[in-house]
Amino acid sequence: MQGNTKTLNRSFLIGLLMAFAVAIAAALLAKLPFLKVVGPLALAILIGMGINHFVRVKQEYRSGIEFSSKKLLRAGIILLGLRLHLGDLHGAGAGAFFYAGMLLVAALGLVYGLARLLKVDRTVSLLAACGTAICGAAAIVALAPLMRARENQVALSVAVIAVMGTLFTIAYTFLQPLLPISSEQYGFLTGGTLHEIAHAVAASQAGGEEAEDMAIIVKLTRVALLVPVALLIGVYTAKQESIGFSIKRLPIPWFIFGFLAMALVNTASFLPDTLVDVLVSLSYILLGMAMAGLGLNATLSIFKKSGKSLFYAVLLGSLLVALLGYGLIFILKLG
């Protein structure tokens, strides 16, 4: 019995170390100029999927890998709340909030509707819609437990959002000098319509510091809206499964409230900036391990079934959201 326990512990640690190694590799690769816009989270899942496809991870290592993809995910998301300063959201004014909120609702409806029209699985459609509307991979992995999403479904959604966000980031960077808008307005556009935080930051740099600051504020407004979206999805899931609306039974990811608590800690400046920086870096390592776990447990077969349809749905949906975001800048008189 003791020998079996030691074997299990060793296998668990090997799985955990595999996820850690993939996360570190992704973080290092994300520093390269041509991979920076992809981001370490998306790279981690893509590397993990590649390893699992070509090497095939042994079954005994799955426990450590699944621990990374589930438990460490929650810890990473909670710590990520330290990036959010509620004062920045208030300072941006009601215009930034309405701008972010309107685009979030539009992205959810457009991407989900288009994906379902192209006969993409319901869960994958909703995951991709949330990734487009809120904050890319982080939103997908945070909301996946509410939808009872399988790892292959999460992996597909993250991969498509990663590719799409990278393409749009590059396009925005080249279009910025041609757009008849101010630096601040360009910040609104990138923060309100691009997929990942990394995408918004990377693209907004073409407009200067003013654009980058506004992009981060608008983007973090969308991140904050993850909580009400999670609550709505929790209520919807409970209704679909006919389990009633008891708050105790709702499949709500309570760790998201930990995310908000960390945002309050950051807003109140309870922790020194150096410690906050360390904890945010740790959050990305934990999230990277979670994404690596998803990739190491995923197979590429799902791409053959619905990957192309989902790609087209997210592409068209993202284009429409970008056009809407551009128009709303003038309608709401932002910047």
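Is Cys-135 buried or exposed, going by its relative accessibility?

Modeller: Quick caveats: this is a predicted model, where local features need pLDDT of at least 70 and side-chain atom pairs count only at pLDDT 80 or more, while totals for chains, interfaces and linings use all residues. Residues are numbered from 1 along each chain as its sequence is written, and side-chain values use heavy atoms, leaving out hydrogens and water.

Cys-135 has 5% relative accessibility, so it counts as buried (under 20% relative accessible area; exposed is over 50%, partly exposed in between, with a 1.4 Å probe and protein chains only). Cys-130, at 1%, is buried too. Searching the whole structure turns up zero disulfides, meaning cysteine sulfur pairs within 2.5 Å. For Cys-130, the nearest cysteine sulfur belongs to Cys-135, 9.6 Å away.

Now the helices (DSSP runs of H or I, at least four residues, numbered from the N terminus). α2 (residues 40-54) packs on α13 (residues 273-297) at about 30 degrees, axes 7 Å apart; axes are lines fitted to C-alpha atoms over the stretch in contact, with angles from 0 to 180 degrees between N-to-C directions. The pair is therefore roughly parallel, the term for angles under 35 degrees. Contact (heavy atoms within 4.5 Å) involves residues including Leu-41, Ile-45 and Gly-48 of α2, with Tyr-284, Leu-287 and Met-291 among those of α13. By class, that's eleven nonpolar, five polar and no charged residues; Gly counts as polar, while Ala, Leu, Ile, Met and Tyr are among the nonpolar ones.

Technical notes
Helix = DSSP H or I, 4+ residues; strand = E, 2+ residues; numbered from the N terminus. Parallel < 35°, antiparallel > 145°, perpendicular 65-115°, else oblique.
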